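Please look through the model below with an eye to its strands, its aromatic rings and its open spaces. The paragraphs that follow take these topics in turn.

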Amino acid sequence: MTETQTTPPILISAAFDSGNIDVLSIDGVTARLAIHRDAQSTFFQWFHFQVAGAAGRTIELQITGVAAAAYPDGWRGYRAAVSDDRQFWARADTVYDADRDGGTLIIRHQPAADLCWFAYFAPYSWERHLDLVARSAVQPGVSHRVLGHSLDGRTIDCLTLGHGPKPVWLYARQHPGEAMAEWWMEGALAMLTDPADPHARALRAACTFHLVPNANPDGSVRGHLRTNAAGVNLNREWHAPSAERSPEVLALRNAMDLTGVDFAIDVHGDEAIPHVFLAGFEGIPSRTDAQSEGYRRYRSILERRTPDFQTRHGYPNARPGTGNLAMSTNQVAERFGAVAMTLEMPFKDNDDLPCPVQGWSPERSMLLARACLQSLHEWLQG
């Protein structure tokens, strides 16, 4: 008898926070699946689902049609994240076949338990976000405010701490599928609220920090890759945000207008490039030599402080005067004369220091946040 005749088929569900998968068919331990698109959008790449009834069985999950995803180059060399307990996320054996069924990601795994979860990257749930905000808000010297609400009515949470003269803004998950960005924010908040950390004490004396852990909560909960509830890419709205299309950006930019910005990091993840890197604001119309030197110096400090960061791989620089002011880093640098940057972490592994078990991970993201803040402390001394 075949396994299908003797044992029940596996069950697959994505009916939970940030879940995303469509089940096309299941035959025993083999499933054909598809990722559904962001609402009112053509973007798709994020997936997150549960498999039940798989203990001790080698399952094969075929995610089809992925050659049409937002970043098809992101599938080459990629391994899916997998967890038995939703706490520790490893990587599963994964192969990309570009010629099969519109491009197919083939995941093979033998779970130890009846339940296991698969995701494009280790998820950061809305419930964990609420815990992070609540835990941070009760720390000494931290205040919380709601900058505004998303289209679905969720809060845009901002945590403020420090009493120094330099306004610093750190914000994440404009693109909701880039969950590593909120893991980074958790690491940043853990460091900045640690009364024993000397870098944190010095930074709180020099700066006033405004941290927005999740700038796109609707997309995060809905299981989107890149857009909010209206299918809008928030990182293309910074020139003219509106309450109808992008209230998340409108709330964030209005809050920045009230405080000013000296230094800013917009935290992201990159689907295709297996490295950690920064993108700057070279193309903005009003770029100054002081801004450019500040950005170059920060990159140099960060590269020296952590082997997880490098400057050889990344995005090409925009030509002078061609910067897209609809993007937050360009808008913030132009609007405030700030040293602003986009931090990108990989969905894959970090090829500079590969980890066969986890690839790039939540743990590495949180440690990188500490290195970024330690680098900021050194940068301020310059």
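Which residue lies over the face of Trp117? It is Arg86, at 5.5 Å from the ring centre, where a charge is taken to sit over a ring if NZ of Lys or CZ of Arg is within 6 Å of the ring centre and within 35 degrees of the ring normal. A second case is Arg226, which lies over the face of Phe43 at 5.6 Å from the ring centre.

Before going further, note that this is a predicted model, in which local features need pLDDT of at least 70 and side-chain atom pairs count only at pLDDT 80 or more, while totals for chains, interfaces and linings use all residues. Residues are numbered from 1 along each chain as its sequence is written, and side-chain values use heavy atoms, with hydrogens and water left out.

The strands come next. Helices (H or I, at least four residues) and strands (E, at least two) are DSSP runs numbered from the N terminus, and two strands pair if DSSP finds at least two bridges between them. Strands of a sheet pair through backbone hydrogen bonds, either parallel or antiparallel. At the β7 end, β6 (residues 81-83) and β7 are joined in the antiparallel sense over two bridges, and Ala81 has Arg91 of β7 as its bridge partner.

Elsewhere, β3 (30-34) has pairings of both senses. With β2 (residues 22-27) it pairs in the antiparallel sense over five bridges, and Asp27 has Thr30 in β3 as its bridge partner. The hairpin of β2 and β3 has two residues between the strands, and there Gly28 takes a positive phi near 65°. With β5 (residues 59-64), by contrast, β3 runs parallel and is joined by five bridges, Leu33 standing opposite Ile63 in β5.

Some loop residues also deserve a look at the backbone. Most residues other than glycine have a negative phi, and most peptide bonds are trans. Ser18, although not a glycine, has a positive phi of about 70°, and its place is in the loop between β1 and β2. Gln40, in the loop between β3 and β4, likewise has a positive phi, near 55°. As to burial (buried means under 20% relative accessible area, exposed over 50%, partly exposed in between, with a 1.4 Å probe and protein chains only), Ser18 counts as buried at 4% relative accessibility, whereas Gln40 is exposed at 68%.

A pair of aromatic rings is described by the distance of the centres and the angle of the planes. Rings of Phe, Tyr and Trp (its six-membered ring) pair if their centres lie within 6.5 Å, and planes under 30 degrees apart count as stacked, over 60 as edge-to-face and the rest as tilted. By this rule the count comes to 14 aromatic pairs. Among them is the tilted pair of Phe47 and Tyr120, 5.9 Å centre to centre with 40° between the planes. This pair links distant parts of the chain, since Phe47 is in the loop between β3 and β4 (48-52) and Tyr120 is in the loop between β10 (115-119) and α2 (126-137), 73 residues apart. Phe47 is buried, with a relative accessible area of 0%, and Tyr120 is buried, also at 0%. Ring pairs link both into a cluster with Phe49, Trp75, Tyr78, Phe118, Phe121 and Phe347.

What of the open spaces? On a 1 Å grid over the protein atoms alone, a cavity is a set of points where a 1.4 Å probe fits but cannot get out, and a pocket is an open set with protein on both sides within 12 Å along at least five of seven lines, lining residues having an atom within 4 Å of a point. Grid points are joined across faces, edges and corners, and a volume is the space filled by probe spheres set on the points. The structure holds one cavity of 30 Å³ or more, and the lining of the largest cavity includes Ala81, Arg91 and Phe121. The largest pocket has a volume of about 700 Å³; of the 40 residues that line it, the closest to its centre are Leu278, Ala279, Gly280, Tyr315 and Pro316. The largest share of that lining, four residues, comes from α7.
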